Amino acid sequence: MTQGATRSQTPSGPQKKAGQAPALLLRDIDKAFDGKTALSGASFRLDWGEVHALVGENGAGKSTIMNVATGVYAPDHGEVIVDGRDVPLRSPVDAVAAGIGMVHQHFRLVGRFTVAENVALALGGIGRRIGIGKAAQLVKRKSAELGFALDPEARVERISVAEQQRAEIIKVLLLGAGIMILDEPTAVLTQQEAEALLSMARRLAQAGHAVVLITHKLQEVADHCDRITVMAQGRTVLDAAPMAQTSLAQVTRKAFGEVKEQEPVQPGTLGGELLRLENLRVRHGAVTLDGLNLSLRAGEILGIAGVGGNGQSELVACLNGLLRPLDGKIFLADEDLTAASPAKRRKAGLRVVPADRFDSALVRDMTLSENLALTGLESGRFGPWWGLSRRSMKRNAENSLKEFNVLGGGPETRASVLSGGNAQKVLLARELAAGTRVVVAHSPVRGLDLRSARAVLNLLVASARQGAACLLISEDLDEILRMCGSAAVLNRGRLSPPLSGADLNPARLGELMVGHA
Amino acid sequence: MLDGTLLIRRQAVPGWLGASCYAGGLCFGLGLSAILLVSMGISLENLYQEFVVQTFLTSQGLGQTVTATVPLILVGLGMSLAMRVRFWNIGIEGQLWCGAMAATWISIHDVGPEPLRLLLMMLAAMAAGAAWIGIGLALKLFWSVSEVISTLLLGSIAFFWVQHMLFGAWRDTVTGFATSPSFDPAERLVLLGWEQVHSGIWIALAAVVVCTWLTGVSRFGLLAKAIGANPRAARATGLPVIAAVSLFVLGSGALCGLAGAVIAAGTEYRLSQSIGAGYLFSGIVIAFLARANPLAVLAVAFVLGGITTAGGVLKVFYGISEAVVLLVQGLVLLSVLAAQLFADYRLTERKSG
Amino acid sequence: MTDLVLAWLTVFPGYTVPLLLASLGLVISERAGVLNLCTEGLMAVGAMTGALMALAGYDPLLAVACGALAGAALSLVFGVATVVFRADHTLAGLATVALGLGITGVVGRPYVQKPFDGLPRLSDTVWGADLPRLVGQQNILLPLTVLLLLAVWGWLFRTHSGLRLRAVGEDPAAADVVGIDIQLTQLGAVLASGVLAGLAGAYLSVAAAHVWVEGMVAGRGWVAVAIVIFAGWRPWGVLLGAGLFGGAEAAMLRLQTLGLDFPIYLGAMLPYALTLLVFCIACARRRGENAGPAALGKAYLRQDKH
Ligand SMILES: Nc1ncnc2c1ncn2[C@@H]1O[C@H](COP(=O)(O)OP(=O)(O)OP(=O)(O)O)[C@@H](O)[C@H]1O
Ligand SMILES: [Mg+2]
C-alpha cells in the first residue's frame, strides 16, 4: 500500500497553504462507453482548502470524470495528478490509498452489514485489519467529532438515507481521505440536513481538506462553494472560476444554454373533487400510514412535502393498487377504488408516476414504442388480442415522442439508452395520455437537471390546466412551493392538514416536517 | 485480476456480432466434442459417417433423426415458453412423466370410445403436465417458492411415482418386465410409412405454429416480454401479470406432458422407465440455443435429434456410453454461453500509466 | 423400539454427511454471490473419481482426496464461465451438471458395479476398535465434516476474510471500492464449493457404498441446493436441513429392512416430498423478504453504471 502524504490529512491535520500543488488535477480526459462519448478532453482542478462545485446538465459527465479520479473508470486518455504526483489508478483502492474518497450517487455500503462492519471492511482494504468493535469505536469517535448522530451497530439498510450518507462520509474520512468528492449529496436530503452537510464540508475545507460538490441546486453552490467548474457534453466549459466573480445566470447559460422559464401556475379555476382519501391506514415493513385524509380537486396541484421514508413510497404504492390498505377508502370522483386492481385504477383515470422510473414503471430492455404501448394494450388500440399491430404502436410512439419533446431516441430505441430526463418524459407521455383524471407524481424531477426538470414540471402544469388533478409528492420544498397552491406534510405516516396562502412558507413546512406529531 | 483487459457493456449488440459470437461458441463446443470423441478412439472419418451421413444424409438415418426430433421440439418449446416469463422449468422430465402416465392411464382403463382414445390420451397428457407444473407455479405465486427447487423435486417425485406404478399396478403381466402393457393399435400414433416416423410430427409442427403465434403475433407475446424483463414494472402498470405468467408456464407444462404422451404412443407403445431420461438438458439446450424462438427451436431440435441418434449408434457399435450426448450438450451450452461475453461487452486494453 | 432408534442413529450420519458437505460448499459459493446449481454434477464426478482411485488400489483417503480434487476441477470450469466469462449462472450451472453427468457416464462405464474396499469404519481401524458402537460404525469423514462445519461458520462470520467474502455477495460494487478482488474471491469460493461437493460425492462411493454406479448421486446435489435456501445460507441451518433429509432417508431404509409392508418407491419418494414441504414452509414464512445474498447470481462489472 502506498502510504501517500495525503493519508495523514484529517480535519485536525496540518493546514495546506496556497501555492502548493493542486490537490487533484485531471488533464485532458477522454472516456467513451462503447463508442458513446462521455468525456472528451475534460479537465478539472481542485485545490486544497476549498469547496469546489461541479455542475452541468444530466449526462454532462460529472460523475464520470469523478469516477475516473477515483479509479472506478479507466480513462481512454489523459492523466490524473494527485497532490503533484502522477498516480496510476488501476483500481478504486489505489485512489483510496492516494487519499481520494468519494461518496457515490449510489452509496457504496453493504446494506446487510452494520456501519461498523462496513468501516472495518473498508479499512481492511488499505491493509488496516481491525475488529468490528474497534471499528465501532472509531465510528463513534469520528461522529462525535463531526457532530453526527450515528449508531455504529445499526444495519445500514435499516437507517435513513441521511444516516447512510453520514456513514459513508465517516468511512471516507476514516480511510484518511484528504480529498472528498460528494456526488449529488443533497438530492436525497431535507433542507436542514443539506444545510448541515454543507457546513460540514466547509469545516473540512477550512481544516485543509479539498471537497468537490456535485449538485443541480445552484443556490447551494452560491452559498457554500469557493469555486465552480461547469461541464457540458463531456467538456469543461467553465474551469475553476472563483464564485465571487461568477453570477448564477452566467453558470446557467454555460451549463444549459437557454432555459425555458417555469410556466406560471395559475391559481383558481378549480373544478369538483376528483380524488378523496378517507382515513387511509397502511402498514408495510416498518412504515405505517395512519389515518390519511385528503381531497384533491380538478385542476389542482396539491403538494405533499416531507422527508423521504416517512410513508411516501407506501402512499404511492397504495394509490397504485400494489399495497392493500388495512382500513380506509380511496375514491376517484365517486367511484370506490379501495380494492381495485392497478389495471382498474388506470382505467378509471388514476395514473401514477413513481420515483424509481426504471424499477417500477418503464422496462429498460424494451423499445420506446413497446413501453408506450404497454398500458394501452387492453383497450385494443394496438390491435385485437390475437394480433398485435406493430404499425399502430410505432405511430403512437412517434406522436407521443414529438408531443412531449423526447430527445435522444426514436420509437425503436431501447429505453435504457435514454437519459434520466428523457426517460421521465417518456413515462409522462404514457401516463398523461388520454383519459387521465388524477396524476400522482412521486419526486418527478429527482436527479434531473434544471432544463429537464422544468420541462417535466411544465408537463404536469399543463395537464392540471386541462382539468386533471395532480398530487405532487416531493422532498424538495422549492419544487413544492413553486408548483403547488396548497401543500400538506407527511411526517411519520401522518398527513398534516393542507397549508395554503400565507401559511404555505418554508419555515412552517420545515417545522411540520421535522416536528414530532 | 485480469487488470489488463477492461470490459464495457455494449449499449446495443450489433446483429452480426451476436451471430458470429454465437456461431463461434457453437463451433468451439462442437469442435471440442469432436476432439473428445476422436480421443476416445473414433476416427474422424467414422465421426463424419455417424454424425453427418448416417444421421442426416441417408433415408434411414434421417428417419430416425426426425423421429427423435419430435419430442425434442415439444420439450424445447415447453422450456422456451417458460423462459419467456423467466420461469426456470427444471422439472421438464417430471411433467413428461406425468403426461406419459396420464396417457397410459387412459390406455389401460380404456377411457372413452376408441376413435377418440388417442385424442383423449393427448389431452390428458397435456392436462397432467400442466397440473404438475401448476404446483410449482402456485407455490411460486403464493409463497414465492423458488421454482428451480420445486419443479426439480417434483420431477424426482414424478419419477418415483412412475416406478411405483410400473413395479406395481401397471406391470406388464405378459412379459413380466417393469413396463406397462403395450398400447392397443387405436392408442398408437399412426406411422407415416417412412421408417419409424409417426403422426406425432404433425402435433409438434402444430405446436410450433401455436407458439410462434403466441410469442410473436398475439398480445401475450409483448406481455411476456415485459414481465420477463421487469416484473415489478409490469405489475405496477396494471398488466395482467398472473394471467400471462400462468398461461406461459402452464403451456410449458402442457407441452412437456404432451411430449411424454407422444413418446409413449408414438415410439415405445408403452410406458417404460427409460422414456423420459435426458430431456431436461435437451430442453434447456434447445431453448437457450434457439433463444426461446419457436422457429429456431425447430431447427435446433432437429440438429440435437441427429446427435441423439448418433449417440445411440455410438453406444451399440463403439461401446461408448450414451452419456456422451449429455457431455456434448454441456460443452456446447457452456461454450456458447461463454462466447456471449464477446458480444455483450467490448474488450479494451488498459492504457498504461 | 430403542433398537430401531439406535439402528437409525447409526446410519443417520451416512445419509447426512454428504448433503452437509455439499450444502456447506454451496453456502460458501453463494455467499460470494455465485448462484451455484452444479452440485449434482460435481458430486457425480467426485464419486466416480474416488471410486476409480479406490479400484486402482490407492489408499481410500487418497481416493477421497482425489474425488474432492475432481470436484474442484469441474467447478473451475463453471467458475471460469460465470466469473470470468460472465455467463448466466443458472444456465452455466445446468450445463456443468450435464458435463459432470456426461463425464461420469463416459469415463466410468467400464467400472460400474465393481465393489472395492473403501474407507474403513472407525471400529475397523487399529486405534478405533474400542469406540462405542454408535461412533465406531462411522468413518473418519464424520469428524472431518463436523470440523469443516465449525470452520466454515467461524470463517464466514468471525473473521475479516469472511466479512470480505460476504461483502462480495451482498454488494460487489461496495466490495470493489474497498479493494476486494471480486473475481478472485468468487473463483476461490466456487473452487471451495467444488472441493466440498467432490468430497460429498466421494463419500457416497468410497465411504458409504464401496461401489460405483452411474447416477448414484440420485438428485442429492439438487437437494443440497434446496437445503441451502431453506437454511437461509447459514451453516447451522444447513446442518438442520441436511439432518432432516438424511434422517428421513435413513428412516425409510430402516423401516424397509424391518420388513414393513410399505411400497418401496413411495418410500423413496418421501424424502423428496418432505424436502419440498419443509422448503415451502420456510419460503412461506419469510415471504417477500429475500434472505439470500443481495447480489446472488448477478454479474458485476466495475465500469457498469450503478
Ligand atoms: N457505466 C456507463 N456505461 C455506459 N454509459 C455511461 C456509463 N456511465 C456514464 N455513462 C454515460 O456517460 C454520460 C455521462 O454520464 P454521467 O453519469 O457522468 O453524467 P452526470 O453529469 O453525472 O449526470 P447526472 O446529473 O445525471 O448524474 C451519459 O450519457 C451516461 O449515459
Ligand atoms: Mg451523476
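How many residues does the contact take from chain C and from chain B? With contact defined as heavy atoms within 4.5 Å, it takes 53 residues from chain C and 51 from chain B.

Before I continue, a word on conventions. This is a predicted model, in which local features need pLDDT of at least 70 and side-chain atom pairs count only at pLDDT 80 or more, while totals for chains, interfaces and linings use all residues. Residues are numbered from 1 along each chain as its sequence is written, chains are lettered from A and ligands numbered from 1 in the order in which they are written, and side-chain values use heavy atoms, with hydrogens and water left out.

Let me return to the interface. The area buried between chain C and chain B is about 4,400 Å², buried area being the accessible area (1.4 Å probe) that two parts lose on being put together, summed over both. Carbon and sulfur atoms give 79% of that area. The rule finds one salt bridge across this interface, a salt bridge being a side-chain nitrogen of Lys or Arg within 4 Å of a carboxyl oxygen of Asp or Glu. B:Arg9 pairs in a salt bridge with C:Asp304, and their closest N and O atoms are 2.7 Å apart.

On the side of chain C that touches chain B, helices H3 (60-84), H4 (89-108), H9 (182-209), H10 (220-230) and H12 (264-285) of chain C each supply at least two residues. Helices here are DSSP runs (H or I, at least four residues), and strands likewise (E, at least two), numbered from the N terminus. H4(C) provides the largest share, 14 residues.

I turn now to the metal. Which residues coordinate the magnesium ion (ligand 2)? They are A:Ser63, through OG, and A:Gln105, through OE1, at 1.9 to 2.7 Å. Donors are N, O and S atoms within 2.8 Å of the metal (3.2 Å for Na, K and Ca); water is not among the atoms, so sites may look incomplete. A:Ser63 lies in helix H1 (residues 62-69) of chain A and A:Gln105 in the loop between strand E6 (100-103) and helix H3 (115-125) of chain A, so the pair ties together parts 42 residues apart in sequence. A:Gln105 is partly exposed, at 37% relative accessibility; buried means under 20% relative accessible area, exposed over 50%, and partly exposed in between (1.4 Å probe, protein chains only).

Finally, helix H7 (residues 160-170) of chain C has ten of its eleven residues buried, among them C:Arg164 and C:Arg166. The cover over these buried residues includes H3 and helix H4 (132-146) of chain A.
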